[in-house]
Amino acid sequence: QLQASNQQLQQGLESALAALQQQQQQEAATAEARDALQAELAAAQGQSAAEQAEIEQLRGQLAACSTSLQELQVQHAEQEAEALAGQLRAQAAQEELQQMAAAVQELQGQLVAAQQQRQQQERQQAEAAAAAAKVQLPADMAQTAKSFGVRSTALSKYISLQSLAFTGSLVQRFPWVRDRMIADDKFLFKVVIEVLIDSGCATVAEVRKRGDEFWAEFEFYLSDLLVGCVLDVVQVSLMAPRAVLGGKAAALGQSALQKWLAGVPSAAMEASIKGVKQYSLGSRFACLGVKFLEYSLAGITCGFIGQGVANSLMLLKRQIHGESEHDVAVPPLFKTALVWGLFMGVSSNLRYQAVFGLERAVDMTIAKRVPAIAYATTVAIRFVNNVIGGENFIDMARWAGVQ
């Protein structure tokens, strides 16, 4: 019994130990579960803190966005206000522009009325002055006076020119002479001096250059002399300034080319007249090109005619007297005419531009105190110019092989 009881106690003790172990295992498992729960809780608390920080960051970004949005709204409002102010300014400017346009139109109307009244007064004055001087205005001048009025200075010069029989007849019959004599009272003197000097200088230059061959080449000399005399008149006339009878209004109704040419001076150094004709630096350079074309065309035309006459005289002389060993070859007609055109367009153009400039410089300085000095300097300047030009042409003609 005692053993049996002891065995029962041992079994009970083993059962108790087993139960205790089992309880300890359960407690360990419970502790592990508690630790796991605590770790999970700690992890959850950390995650919650991170989420809270992220939330705070998002709140900061949201606040910054709200601030930016408010700034954009303020800027947009300012831009709308500025645009509205711009529209108001544009409307005010447009209204002001319309008022200015109306004022300009009114001023233009007043200007046109004043011009018409002035033209009518000038026409009446021109008619009265012409009637008082017992001078009849040419048809074109009378039409200018009727349409645009005539400048008093031009009218008075025209009337004074009528006092001389020769010049009065010229200016009455030839408008191109009249306009140039009104602009320059020494125009006819320059033409006559140019022809006389050119004839004498051409003869001296021809004799010097041709030497013993002068009489054998007399036809060349005669041709050069005849063409030179015609070209003298052309050169002086093309370079001489033309008077403006009725002001700028006379240019109305002309083509664009005619209006442009009207703005080009007759000479590169021609004086401007305020309110009548004013020349820019570009128009003065354009004058060189225009005169090149005019002088070249005149040279080709006169050269063609003059050389044609010279060739005809040479052939006629050989038919009458027969050919000799001293006869020179008949120069080519067209090539000679082109040489004349080149000579006129380049050499004569530049030389006569310089002559005009020197004469104007004398007129503006010394001649104001001593008027007679202008005539003397004209003779001297044109004498030197013709000597240079005569020898220059012979050299150019021989260089080109036409003489």
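The model is predicted, so local features were taken only at a pLDDT of at least 70 and side-chain atom pairs only at pLDDT 80 or more, while totals for chains, interfaces and linings use all residues. Residues are numbered from 1 along each chain as its sequence is written, and side-chain values use heavy atoms, with hydrogens and water left out.

Confidence comes first. Helices are DSSP runs of H or I with at least four residues, numbered from the N terminus. Among the elements of the chain, helix α2 (residues 139-147) has the lowest confidence, at a mean of 70, and α10 the highest, at 91. Where pLDDT is low, the predicted coordinates should not be read in detail.

Turning to the cores, a nonpolar core is a set of buried Ala, Val, Leu, Ile, Met, Phe, Trp, Tyr and Cys residues joined through side-chain atoms within 4.5 Å; buried means under 20% relative accessible area (1.4 Å probe, protein chains only). The largest nonpolar core holds 20 residues, and M141, L155, Y158, M181, I182 and F187 have the most contacts inside it. Helices α3, α4 (165-173), α5 and α6 each give two or more residues to this core, with α3 giving the most, five. Beyond its neighbours within four places in sequence, I182 is in contact (heavy atoms within 4.5 Å) with A154, K157, Y158, L161, A243 and L245. Another core, of 19 residues, lies apart from the largest one and includes V227, A267, A298 and A400.

R178 sits in α5 and is buried, with a relative accessible area of 1%. Leaving out residues up to four places away in sequence, R178 touches P138, D140, M141, Y158, V171 and L245.

Grid points are joined across faces, edges and corners, and a volume is the space filled by probe spheres set on the points.

The second largest pocket has a volume of about 690 Å³. Its lining comprises 28 residues, with K157, I182, A183, D184 and P241 nearest the centre. Helix α10 (333-364) is among the elements that supply at least two residues, and α10 contributes the most, five. The lining has 14 nonpolar, one polar and 13 charged residues (nonpolar: Ala, Val, Leu, Ile, Met, Phe, Trp, Tyr, Cys and Pro; charged: Asp, Glu, Lys and Arg; polar: the others, Gly among them).

Three cavities of 30 Å³ or more were counted. Helices α6 (187-210), α7 (218-239), α10 and α12 each supply at least two of the lining residues. The second largest cavity has about 100 Å³ of space, and V236, M239, F356, E359 and R382 lie nearest its centre among 13 lining residues. Here α10 provides the largest share, four residues.

Conventions. On a 1 Å grid over the protein atoms alone, a cavity is a set of points where a 1.4 Å probe fits but cannot get out, and a pocket is an open set with protein on both sides within 12 Å along at least five of seven lines; lining residues have an atom within 4 Å of a point. Buried means under 20% relative accessible area, exposed over 50%, partly exposed in between (1.4 Å probe, protein chains only). pLDDT is the predictor's confidence in each residue, from 0 to 100.
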